Amino acid sequence: MSKLTERLNALSPARLKGIRRGIEKESLRAQPDGKLALTPHPLALGSALTHPHITTDFSESQLELITGVHVSPEAALEELVQVHQFTYRVLAEAGEERLWVSSMPCGLPTDETIPIGRYGSSNVGRAKSVYRMGLSHRYGRRMQTISGIHYNWSLPEVSSEQYFALIRNFRRHAFLLLYLFGASPALCSSFVAGRPHELQPLGDGGSMYMPHGTSLRMGRLGYQSDAQASLAVSYNSLDGYGASLQDALTRPWPAYEAIGIQNLGGDYNQLGTSLLQIENEFYGTIRPKRVIYSGERPLHALRERGVEYVEVRLMDLDPFEPVGITAQTMRFIDVFLLHCLLDDSPNDTPQEIADLAHNQHLTAARGREPGLQLQRGGREIGLADWGAELVAQFEPIAAALDAAHGGKAYGEAVRAAVAALENPDTLPSARVLATMAGEHDNSFIGFVRAQSEQTRQALLALSLEPHQLAHFEQMTQDSIDAQKAIEAADTMPFEIYREQYVSPARLGIRSRAPATV
């Protein structure tokens with residue numbers, strides 16, 4: 001019996017039923033013509049600073065819709081649908097804005113015209129905006145308008161050491177999720193205007209693409225920078241990971257020192273001049289997470305109390321699905337993550353970290369290319385072959401989950417992945433290109449405009465019960481009141497607040513022995 005099978009058999013049905021998940025979904029607000037909406041975050045949606053389910057990401061024009069923690073994919077999806085229903089109703093009452101259903105952005109204005117998220121006059125609100133201003137100086141605003149779905153996941157009785165083993169395997173096998181669920185093989189040329197890229201023109205409507213691309217969002221055009229490319233963060237232990245982030249959060253970076261913290265007029269350019277302003281600036285396909293206390297630094301929370309859950313960050317919005325993801329996809333991720341947890345997970349090495357970045361970029365740009373070869377253990381292996389090996393190992397995990405929950409839904413999710421591996425034309429990325437070609441004259445904007453309008457109509461047509469509507473309206477008011485209370489309680493000058501927040505002393509290593517990788 002293999003170690004994986006032994007470990008799977010040791011998981012009780014009660015623990016398997018203890019899986020919890022939640023969703024964070026980003027979407028740009030767009031105008032009917034496919035251009036970015038430049039209006040402020042709608043007041044009727046509440047305070048972006050304090051609302052538990054409706055906030056903004058980088059841009060004032062970029063909504064982030066958040067569910068709570070749920071015992072089943074259906075329950076998480078049901079709440080996500082309801083949050084969308086309320087959001088669409090608010091947008092419809094104000095005009096014709098809609099959510100852009102693709103991960104790659106709609107038609108963008110000049111970089112400096114893209115509005116940065118605003119969170120009010122409190123110190124915490126100002127810090128959020130200054131952080132985003134820092135991102136705009138460091139990476140440009142267009143890059144930040146990319147949207148995705150984050151899948152938060154936990155299993156009872158998993159230690160920090162085990163979560164880091166899961167993360168190492170996730171990073172090794174992430175190519176499979178990009179291949180199966182990537183849905184961003186094309187984009188509007190406004191996104192890459194003035195930037196070097198390897199994209200090919202498509203049609204005459206200003207669209208660009210990669211013929212075999214899966215997820216341009218997760219490739220070289222996505223969240224990339226020379227500064228972060230210098231990081232080789234190890235996931236071999238919490239101490240090692242913490243030391244890597246501690247270094248990046250405190251190491252001065254000359255290009256960012258040149259930008260300065262404030263401009264000559266006294267306005268803030270960024271929170272600090274280190275390689276990373278705060279922890280969230282470190283981009284990755286998956287993150288170890290812990291719910292933080294008010295004002296607490298995330299790294300301190302991890303070091304003090306350990307990993308509580310993981311955040312999967314590489315899922316594209318599926319433009320063919322009303323809220324961007326299905327219960328079947330969520331079930332496949334559950335199986336995938338359980339496999340990452342149960343399978344042997346040797347420590348990573350600098351060479352493997354480099355190979356994984358190579359595999360990610362190759363899959364994002366050319367994942368459906370017949371015979372594509374990835375790197376594994378110093379040798380080449382076909383993407384399709386490696387994927388088939390993994391999916392075969394998923395079947396007993398899916399069977400165990402079905403036995404615990406009843407039904408066949410987990411097995412069906414794995415069988416759907418087997419079919420997709422055997423027929424790449426059915427993948428979301430292939431469907432996007434086929435629909436663009438067949439129905440929209442190869443126009444990316446035309447395709448996503450049509451899908452966005454279809455989605456808008458479908459969600460507006462769903463009934464929202466009066467008590468549900470009243471609940472959301474109450475949350476709107478409560479969030480506005482909460483922001484006002486925070487602002488009224490502030491007495492500290494912002495500069496002192498900023499200095500204290502970015503202080504290395506807040507990162508939680510004073511009482512710890514020196515960390516080792």
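Close-up 1. Glu495 counts as partly exposed, since its relative accessibility is 24% (buried is under 20% relative accessible area, exposed over 50%, and partly exposed in between, with a 1.4 Å probe and protein chains only). Arg498, by contrast, is buried, with a relative accessible area of 8%. The two side chains meet in a salt bridge at 2.7 Å, N to O (a side-chain nitrogen of Lys or Arg within 4 Å of a carboxyl oxygen of Asp or Glu). Because Glu495 and Arg498 are three residues apart in H18, about one helical turn separates them. The model is predicted: local features need pLDDT of at least 70, side-chain atom pairs count only at pLDDT 80 or more, and totals for chains, interfaces and linings use all residues. Residues are numbered from 1 along each chain as its sequence is written, and side-chain values use heavy atoms, with hydrogens and water left out.

**Close-up 2. The buried side of helix H18.** In H18 (residues 494-501), the buried residues are Phe494, Tyr497, Arg498 and Tyr501. They lie on the same side of H18 because they cover an arc of only 100° around the axis, taken from the directions from the helix axis to the C-beta atoms. Their packing partners are helix H4 (123-139) and helix H10 (298-305), where contact means heavy atoms within 4.5 Å. Helices (H or I, at least four residues) and strands (E, at least two) are DSSP runs, numbered from the N terminus.

**Close-up 3. The Arg217–Asp316 salt bridge.** The closest N and O atoms of Arg217 and Asp316 are 3.1 Å apart in this salt bridge. Arg217 lies in the loop between strand E8 (207-209) and helix H7 (226-229), and Asp316 in the loop between strand E10 (309-315) and H11, so the pair ties together parts that are 99 residues apart in sequence. Both Arg217 and Asp316 are buried.

**Close-up 4. Further salt bridges.** The structure holds 20 salt bridges. One of them joins the side chains of Glu369 and Arg366 at 2.9 Å, N to O. Glu369 counts as partly exposed at 25% relative accessibility, and Arg366 counts as partly exposed at 32%. Elsewhere, salt bridges link Arg287, Lys289, Glu311 and Arg313 in a network.
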